[in-house]
Amino acid sequence: MYYSTAEYLRVQHAIDHEVRGSIDLPVFEEDDSIDGDRSCCAVLEIVTTKEKLDFDLEINNISRALLAVDLRITDVLRAIFHAHRLPLALTWIPCSYTEEYSGNQTIRTNSIKNNILNPNEKPVLCVEESACYSSDTYMQGFIRASGGHFLEKGQGVVGKALQSNQPFIYHDVKEYHISEYPLVHHARKYGLNAAVAIRLRSTFTGEDDYILEFFC
């Protein structure tokens, strides 16, 4: 509550909910490198309603607990998915597509984006199915449908988050026009409602952007 809005963007929310302390711990990727360097893939934040001079004891206890369960970022996403009883969570990764013309047909080829795009390639986002979660087998159909599409900057909540570099929330994705969200007809079929998208940037792979999309 002692921060200004410029120093801490969520200060008013903290005041409204009587949040007084914040403990933030880095989550590292598994160390597979030769030189022993590890990249920070996430930050675990725990907030408290107690005001203290330090949280050294709490940090030590949390660190030991995380080491005991061998925490991984996929476990964090799975925990969020189940804790909030979400019907669907998708992970979008940077890709590219190339358009080729054959007779009267346009053929699009998708591939994982490399750092250097040739003039015929366009950067887009594609679903990584191995990092998606659904509440039942029925919702798996939406994941498969998403796998056959890509999203450009500005399309759907995913494209909006990529465009604004801020978390983006929309109250009902079924209200989008298909030009705004190419998957809207699938969203209507599977009865999806509100969605939030969060943009992550990987310093480990350069300046690639990844988007986490949660539906409720």
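What follows is a set of questions about labels, with the cut-offs behind them.

Guide: This is a predicted model, so local features need pLDDT of at least 70, side-chain atom pairs count only at pLDDT 80 or more, and totals for chains, interfaces and linings use all residues. Residues are numbered from 1 along each chain as its sequence is written, and side-chain values use heavy atoms, with hydrogens and water left out.

Visitor: What is the mean pLDDT of the protein?
Guide: The mean is 79, and 76% of the residues reach 70 or more. pLDDT is the predictor's confidence in each residue, from 0 to 100.

Visitor: Where is confidence lowest, and where highest?
Guide: Strand β4 (residues 105-112) is lowest, at a mean of 45. Helix α6 is highest, at 95. Helices (H or I, at least four residues) and strands (E, at least two) are DSSP runs, numbered from the N terminus. Over residues 105-116, pLDDT stays under 50. Where pLDDT is low, the predicted coordinates should not be read in detail.

Visitor: Why is C126 called buried?
Guide: Buried means under 20% relative accessible area, exposed over 50%, partly exposed in between (1.4 Å probe, protein chains only). C126 has 9%, so C126 is buried. C132 also has 9%, so C132 counts as buried.

Visitor: How many disulfides does the structure hold?
Guide: The structure holds 0. A disulfide is counted as a pair of cysteine sulfur atoms within 2.5 Å.

Visitor: What makes T48 buried?
Guide: T48 has a relative accessible area of 18%, which is under 20%, so T48 is buried. T48 is found in strand β2 (residues 40-48).

Visitor: Which residues does T48 contact, leaving aside neighbours within four places in sequence?
Guide: They are E18, V19, R20, G21, I23 and F55. Contact means heavy atoms within 4.5 Å.

Visitor: How do the side chains of strand β1 point?
Guide: In β1 (residues 21-28), they alternate. G21, I23, L25 and V27 point to one face and are buried.

Visitor: In what sense do β1 and β2 pair?
Guide: The two strands pair in the antiparallel sense, over 8 bridges. Two strands count as paired if DSSP finds at least two bridges between them. One of the bridges joins P26 to V43 in β2.

Visitor: How many aromatic pairs are found in the whole structure?
Guide: The search finds 6. One is Y138 with Y190, a tilted pair with 4.8 Å from centre to centre and 50° between the planes. Rings of Phe, Tyr and Trp (its six-membered ring) pair if their centres lie within 6.5 Å; planes under 30 degrees apart count as stacked, over 60 as edge-to-face and the rest as tilted. Y138 and Y190 are 52 residues apart in the chain.

Visitor: Why is Y138 called partly exposed?
Guide: Its relative accessibility is 44%, between 20% and 50%, so Y138 counts as partly exposed. Y190 is buried, at 11%.

Visitor: What makes the pair of F142 and F215 edge-to-face?
Guide: Their ring centres are 5.7 Å apart and their planes are at 75°, which is over 60, so the pair is edge-to-face. F142 lies in helix α4 and F215 in strand β9 (residues 208-215), 73 residues apart. F142 is buried, at 0%. F215 is buried, at 0%.

Visitor: Which residues do ring pairs link into a cluster?
Guide: The cluster holds Y138, F142, Y190 and F215.
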